[in-house]
Amino acid sequence: RSHTSTSSAPAGTRSSSAVALTMKHFPGGGPQEGGYDPHYAHGKNQVYPGGNFGYHLKPFLAAMDEAGIDKAVVLPIDCTSAHGCKIYSNELIAEIAADQPRLIGFGSVDPSTAGAADEVERAIRGLGLRGLKLDPALQGFDIDDREHAYPVYARAEELGVPIVMHCGLSWAPAGRSSRAHPLRLEAVVHD
């Protein structure tokens with residue numbers, strides 16, 4: 001479990017301002033396509049019937065309580081071009097966040113697909129999501145791709161929402177870390 005807190009409270013103490021970036025992948029596992037990770041197949045095919053998703057969140061919310069975490073960010077990943085799937089859709093994340101005030105929903109788009117920048121706007125304005133999650137190594141795009149990635153970044157900037165960018169080593173066997181090397185962000189920042 002990854003945990004990033006905005007709280008200045010000492011370790012081990014509870015702060016009402018704590019916000020955690022948790023749940024890299026929702027109940028079910030990580031985003032590996034093609035059978036590389038047995039948890040992925042389970043997570044991809046897991047069904048949460050309407051009105052029953054809260055039951056599956058109970059252990060997660062209990063863990064948040066135990067750790068003193070007030071809110072968590074739910075992060076999907078759109079791997080349509082690279083792997084032919086979405087690890088949870090923006091619509092599902094919006095529904096989860098709307099039903100559970102302790103969860104903050106972020107969206108994800110596939111920069112390699114036509115209309116990706118417009119999908120960022122739809123996710124933020126239309127679905128009420130509050131940020132964008134990208135994983136270049138897993139999604140199969142280059143961080144510094146001016147044709148595909150830059151329009152997505154620009155739309156997020158116009159909308160005033162943060163981008164969570166998975167950089168560096170990719171834990172996914174299908175991911176290519178060279179696409180997400182942190183030094184590639186230098187070109188984006190200077191352009």
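## Exercises on a predicted model

The backbone oxygen of Asp 78 and a polar side-chain atom of Gln 139 lie 2.7 Å apart. This comes from a predicted model.

### Exercise 1. Gln 139

Find which element holds Gln 139, state whether Gln 139 is buried or exposed, and list what surrounds it.

*Solution.* 
- Step 1: Gln 139 belongs to helix α6, residues 136–139.
- Step 2: check its accessibility. The relative accessible area is 1%, so Gln 139 is buried.
- Step 3: follow the side chain. A polar atom of it lies 2.7 Å from the backbone oxygen of Asp 78. The side chain also reaches the backbone nitrogen of Asp 135, at 2.7 Å.
- Step 4: list the contacts, leaving aside neighbours within four places in sequence. They are Ile 77, Asp 78, Cys 79, Ala 82, Ser 108, Val 109, Asp 110, Pro 111, Lys 133 and Leu 134.

### Exercise 2. Cysteines

How many disulfides does the model have?

*Solution.* 
- Step 1: recall the bond. A disulfide joins the sulfur atoms of two cysteines covalently.
- Step 2: take the cut-off. The two sulfur atoms must be within 2.5 Å.
- Step 3: count. The total is zero disulfides.
- Step 4: For Cys 85 the nearest cysteine sulfur is that of Cys 79, 5.3 Å away, and Cys 85 is in no disulfide.
- Step 5: compare accessibility. Cys 85 has a relative accessible area of 7% and is buried. Cys 167 is partly exposed, at 25%.

### Exercise 3. Helix α5

Which residues of helix α5 are buried, and what do they pack against?

*Solution.* 
- Step 1: find the helix. α5 covers residues 116–126.
- Step 2: list the buried residues. They are Ala 116, Ala 117, Val 120, Ala 123 and Ile 124.
- Step 3: look down the axis. These buried residues fall within an arc of 120 degrees, so they line one face of α5.
- Step 4: turn to the other side. Arg 125 and Gly 126 are exposed there.
- Step 5: name the partners. The buried residues of α5 pack against α4 (90–99), β6 (132–134) and α7.
- Step 6: go just past the end of α5. Gly 128 has a positive phi of about 80 degrees.

### Exercise 4. Helix α7 and the core

Which residues touch the most other members of the largest nonpolar core? Which helix gives the largest share of this core?

*Solution.* 
- Step 1: Nonpolar side chains tend to be buried together in soluble globular proteins.
- Step 2: inspect the core. It has 38 residues, and Leu 103 and Tyr 153 touch the most other members.
- Step 3: find the largest share. Helix α7, residues 149–159, supplies six residues.
- Step 4: list the buried residues of α7. They are Ala 149, Tyr 150, Val 152, Tyr 153, Arg 155, Ala 156 and Leu 159.
- Step 5: name their partners. They pack against α5, β6, β7 (163–165) and α8 (184–190).
- Step 6: see what follows. Gly 160 comes after α7, with a positive phi near 70 degrees.

### Exercise 5. Around helix α4

Where is Tyr 88, and what is its phi? Which residues does Glu 91 contact, leaving aside its neighbours within four places in sequence?

*Solution.* 
- Step 1: locate Tyr 88. It sits in the loop between β4 (85–87) and α4.
- Step 2: read the backbone. Most residues other than glycine have a negative phi. Tyr 88 is not a glycine, yet its phi is positive, about 70 degrees.
- Step 3: check burial. Tyr 88 is buried, at 12% relative accessibility.
- Step 4: Glu 91 is partly exposed, at 35%.
- Step 5: list the contacts of Glu 91. They are Arg 122 and Leu 127.
- Step 6: Glu 91 and Leu 127 are 36 residues apart in sequence, but 7.0 Å apart C-alpha to C-alpha.

### Exercise 6. The whole chain

How many helices and strands does the protein chain have? Where is confidence lowest and where is it highest?

*Solution.* 
- Step 1: count elements. There are eight helices and seven strands.
- Step 2: Of the 191 residues, 44% are buried.
- Step 3: take the average pLDDT, which is 77; 72% of the residues score at least 70.
- Step 4: Strand β1 (residues 19–20) has the lowest confidence, at a mean of 36, and α5 the highest, at 98.
- Step 5: Residues 1–50 have pLDDT below 50. Where pLDDT is low, predicted coordinates should not be read in detail.

Key
Residues numbered from 1 in each chain as written. Heavy atoms only, no water. Buried < 20%, exposed > 50% of the residue type's maximum accessible area, 1.4 Å probe, protein only. Core = buried A, V, L, I, M, F, W, Y, C linked by side-chain atoms within 4.5 Å. Helix = DSSP H or I, 4+ residues; strand = E, 2+ residues; numbered from the N terminus. Arc of directions from axis to C-beta. Contact = heavy atoms within 4.5 Å. pLDDT = per-residue confidence, 0-100. Polar contact = N/O pair within 3.5 Å; in protein donor to acceptor, adjacent residues only side chain to side chain.
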